[in-house]
Amino acid sequence: MANYDILGDIAIIKFVDGVSKEEKSIRARELMQQYKCVKTVLEKTNKVSGRLRTIKTRFLLGEKKKETIYVESGCRFKLNVESCYFSPRLANERIEVARLITKSSVKNPAILVMFSGVAPFPIIIAKHAKTKEIVSIELGKDCAKYAFENIKINKLENRIEHLQGDVKKVIPKLLKENKKLKYDFIIMPRPNLKETFLSQALGVAKKNSIIIYYGFSPESKKQTMLEELEEEAKRNKRKIKILNCLEAGDIAPYEHRYRIEIRVLN
Ligand SMILES: C[S@@+](CC[C@H](N)C(=O)[O-])C[C@H]1O[C@@H](n2cnc3c(N)ncnc32)[C@H](O)[C@@H]1O
């Protein structure tokens, strides 16, 4: 009848079509009884949408609020569940990426996180991996406001530089300030939109940089997605090697999120 996510003290339920108001209230009450930490129950009324990947919600039960504090891998994240994209289902990805960085042979790597939202990837990487600077870029103004706050809450002001804006504008600006700017790891928790943003990543990649690219596709089109990435790299006069393509959750029936680990070869 419904699935749900719990973000701190807010539960967000997505009902299938045709569920009555009464049934929704009963489910909301049950959730509150089941999870003592839940103070607010909201209904998700649309799919993640737009460039900012946000949702709309309707209040069902408890305290009327949309802001919460969520704890993941020992870090705290303040966010508004409606104005910011945040998925607790990516928790495993974030800690896995931090581990991957720790395991690499590069000492104190420089990291770029594109599409950083309220900054969970930069913060978890900074807390769990030894790195040089981490640069974090996010388009959404509200998301970026929380990202700045979260960096402070987790006492990482001297490890993470957060920038608000479109990666297509921010990266060229950074390159103008420093023509030699390159990162060892470029993390791309992309929005599920057509644009790949791969050329922006390649613009700040050096030989042997690793790009962690999140792509969305049904299993049957996975190979095409990988070939298109190789083609796009070629058009940018770069050679890449796909090291790994791992399933990282479903976003719809038969539609998967893949974590694609890419090495830049030239
Ligand atoms: C799938 S969400 C990932 C958020 C975050 N990394 C996380 O793990 O929760 C994608 C994010 O990319 C941001 N975004 C979309 N287009 C962008 C762009 N051109 N430049 C920078 N950020 C962008 C959206 O606002 C959204 O927060």
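Me: Which helices and strands each supply at least two residues of the shell around the ligand?
Reply: The model is predicted: local features need pLDDT of at least 70, side-chain atom pairs count only at pLDDT 80 or more, and totals for chains, interfaces and linings use all residues. Residues are numbered from 1 along each chain as its sequence is written. Helices (H or I, at least four residues) and strands (E, at least two) are DSSP runs, numbered from the N terminus. The elements that each give at least two residues to the shell around the ligand are α3 (120-128), β8 (134-138) and α5 (167-177).

Me: Which residues come nearest to the ligand?
Reply: A residue counts as near a molecule if its C-beta atom, placed from the backbone, lies within 6 Å of it. There are 22 residues around the ligand. Those that come nearest are F115, G117, L139, V167 and P189.

Me: How many residues of the shell around the ligand are nonpolar, polar and charged?
Reply: Ala, Val, Leu, Ile, Met, Phe, Trp, Tyr, Cys and Pro count as nonpolar, Asp, Glu, Lys and Arg as charged, and the others, Gly among them, as polar. On that basis the shell around the ligand holds 13 nonpolar, four polar and five charged residues.

Me: Why does the ligand lie between domain 1 and domain 2?
Reply: The bounds, which come from an automatic or database domain assignment, are 2-65 for domain 1 and 89-264 for domain 2. The centres of domain 1 and domain 2, taken over C-alpha atoms, are separated by 30 Å. The ligand lies between them because residues of its shell come from both domain 1 (2-65) and domain 2 (89-264).

Me: Is strand β10 largely enclosed or exposed?
Reply: A residue is buried if 20 or more other C-beta atoms lie within 10 Å of its own, exposed if 12 or fewer, and partly exposed in between, with C-beta atoms placed from the backbone. In β10 (residues 183-188), six of the six residues are buried, so the strand is largely enclosed by the rest of the structure.

Me: Which residue is the bridge partner of F185 in β11?
Reply: Strand β10 runs parallel to β11 (residues 205-217), and five bridges join them. In β11, F185 has as its bridge partner I210.

Notes
Pairing = 2+ DSSP bridges.
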